[in-house]
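I opened the model to look up its fold and then two of its residues. My entries follow in the order I made them.

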Amino acid sequence: MRVLVTGASGFSGRHLLPMLKAGGHELFALSRGTKYRHISGDARWLGADLHKRAEVEVAVRQAGPDGVIH
């Protein structure tokens, strides 16, 4: 399953990514910043500000997720 995690560099996202990877999911991590991108090299990191609809739409199209964790 392709999963997009919003706020992936935040507290919850940092803990979710390793668990989702262990479950065999293909990961897409959405974040405004780059500070924690090292936490999961297995995730494809996408940059977007959730307050900017156009940026989010581009990220979602790129990921083509089966599910989103927000």
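What percentage of the 70 residues in the protein do buried residues make up? I find 33%, with buried meaning under 20% relative accessible area, exposed over 50% and partly exposed in between, for a 1.4 Å probe and protein chains only.

Notes on the source. This is a predicted model, in which local features need pLDDT of at least 70 and side-chain atom pairs count only at pLDDT 80 or more, while totals for chains, interfaces and linings use all residues. Residues are numbered from 1 along each chain as its sequence is written, and side-chain values use heavy atoms, leaving out hydrogens and water.

Entry 1, overall layout. I looked up the secondary structure and found 2 helices and 4 strands; helices (H or I, at least four residues) and strands (E, at least two) are DSSP runs, numbered from the N terminus. The pattern along the sequence is β-α-β-β-α-β. I noted an accessible surface of about 4,400 Å², 53% of which belongs to carbon and sulfur atoms; the areas come from the Shrake-Rupley method with a 1.4 Å probe, and for residues only the protein chains shown count as cover. Of the contacts with a separation of 6 or more, 43% are between residues 24 or more positions apart, where contact means heavy atoms within 4.5 Å.

Entry 2, the sheet. I traced an open sheet of 4 strands in the order S3-S2-S1-S4, with parallel pairing; two strands pair if DSSP finds at least two bridges between them. S3 and S4 (67-69) stand at the edges with a single partner strand each, so one side of each has no neighbour in the sheet. From one strand to the next the twist averages 25°, taken from axes that are lines fitted to C-alpha atoms (for helices over the stretch in contact), with angles from 0 to 180 degrees between N-to-C directions.

I checked cover on S2 (residues 26-31) and found 5 of its 6 residues buried. S2 pairs with S1 (residues 2-6) in the parallel sense over 5 bridges, and Leu-4 stands opposite Phe-28. On S3 (residues 44-47), 4 bridges join the strand to S2, again in parallel. Leu-30 has Leu-46 as its bridge partner in S3, and Ser-31 has Gly-47. I also logged that S1, helix H1 (residues 11-22) and S2 make a right-handed β-α-β unit; right-handed means that, with the strands pointing away from the viewer, the path from the first strand over the helix to the second runs clockwise.

Is Ser-31 buried or exposed? Ser-31 counts as buried because its relative accessibility is 3%. Its side chain joins that of Ser-9 in a polar contact of 2.7 Å, that is, a pair of N or O atoms within 3.5 Å; within protein, one must be able to donate a hydrogen and the other to accept it, and residues adjacent in sequence count only if both atoms are side-chain atoms.

I located Asp-49 in the loop between S3 and helix H2 (53-63). Asp-49 counts as buried because its relative accessibility is 17%. The side chain of Asp-49 reaches the backbone nitrogen of His-51 at 2.8 Å. Neighbours within four places in sequence aside, Asp-49 is in contact with Arg-32, Glu-55 and Val-56.
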